[in-house]
Amino acid sequence: MKIEIIKCLQDNYSYLIIDETNNNACVVDPSVSNPIINFIKNNNIKLKYILNTHHHHDHIGGNIELKKKYGSKIVAFKGDKERIPEIDILVEDNQTWKAGNFEAKIYHTPGHTNGHIVFYFFKEKKIFTGDTLFSLGCGRVFEGTNEQMFYSLDKIKKLPKETEIYCGHEYTLQNSNFCIQQDPKNFKLKDKITKIKKKLQEDLPTIPVILSEEIETNIFLKAKNIETFSKLRDLKDNF
Ligand code: ZN
Ligand code: FE
C-alpha cells in the first residue's frame, strides 16, 4: 500500500492510498478534484473509493466530480448522511471497512464536528485523522465538547506507538509555536521544530508523523485530563 500526499487549496492535504498489486486507490478528503485528477491521469490509477473524515467543504469539495468521472464510491459516517451528499457506503464507530486489500478500522472521533471519523489502516499502521489530530495540534472544537475531543484524541493515543499519522492540514509550524510556548523545556520538541522548518524550506510536507513522537511533543496529547485539555484548547483558540 503506497500513500501519495496531494496538496490542495491553501494548506489541505488529500491522500491517495494505492494498492500497488492492482493500482486500485482510495482518496481521503479530496478538497478539490483537479489535483487528484491530474495525479490519476499521470499514474494510471483506478479511483475506487472516496473516504471522508467529516463534512466540511475543504474535505469533501471534490467528491461529486470524482465520483462522476471515475464511478468511485463515497465512504462516510452514517451520522453524516444528511450533510455529505451522495454517500454510497455508510460506516460507523468501531466497524472494520474492507474492500479488496483495503481494510480500515473506523473510529468515531466527535469534537471538531459531531460526525467526525478517522480511518485506521491497521495492517499498515497508518491513520487518517482529518481535523481531529494534527501534528502538534488538534482540531478546533466546533460542534462537540472539549470532553468529547479529549476522548477522541485518547482513542488515537492508544493505537500502536509506531502508527503513522496523516492529517488534514499543514498546520505543523503554527502549531509548534504554541507547543513550545506551553512546553519550553521540551528538547524533543525543539529538535522537531528544527526538522519541521527544514522540511518546509524544501517545500516538503511535515506529514506523516509517528504517534510516539507526537505523544512526546504535541501539547494536546500530553494533557492528562479534560481540565488541562480544555484550558489548552481555549488558549490556542486565542493564540
Ligand atoms: Zn474541518
Ligand atoms: Fe479542514
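Student: What makes the largest pocket a pocket, and what is its volume?
Tutor: Its volume is about 350 Å³, that is, the space filled by probe spheres set on grid points joined across faces, edges and corners. On a 1 Å grid over the protein atoms alone, a pocket is an open set with protein on both sides within 12 Å along at least five of seven lines, whereas in a cavity a 1.4 Å probe fits but cannot get out. Mind you, this is a predicted model, where local features need pLDDT of at least 70, side-chain atom pairs count only at pLDDT 80 or more, and linings use all residues. Residues are numbered from 1 along each chain as its sequence is written, and side-chain values use heavy atoms, without hydrogens and water.

Student: Why are 17 residues called its lining?
Tutor: Lining residues have an atom within 4 Å of a point, and 17 residues line this pocket, with F134, R140, Y171, R233 and K236 nearest its centre.

Student: Which helix gives the largest share of that lining?
Tutor: Helix 9, with three residues; a helix here is a DSSP run (H or I, at least four residues; strands are E, at least two), numbered from the N terminus. Helix 9 spans 226-237, and helix 5 (172-182) also supplies at least two lining residues.

Student: How do you know which class K192 falls in within the second largest pocket's lining?
Tutor: K192 lines that pocket, as does I196.

Conventions
Chains lettered and ligands numbered in written order.
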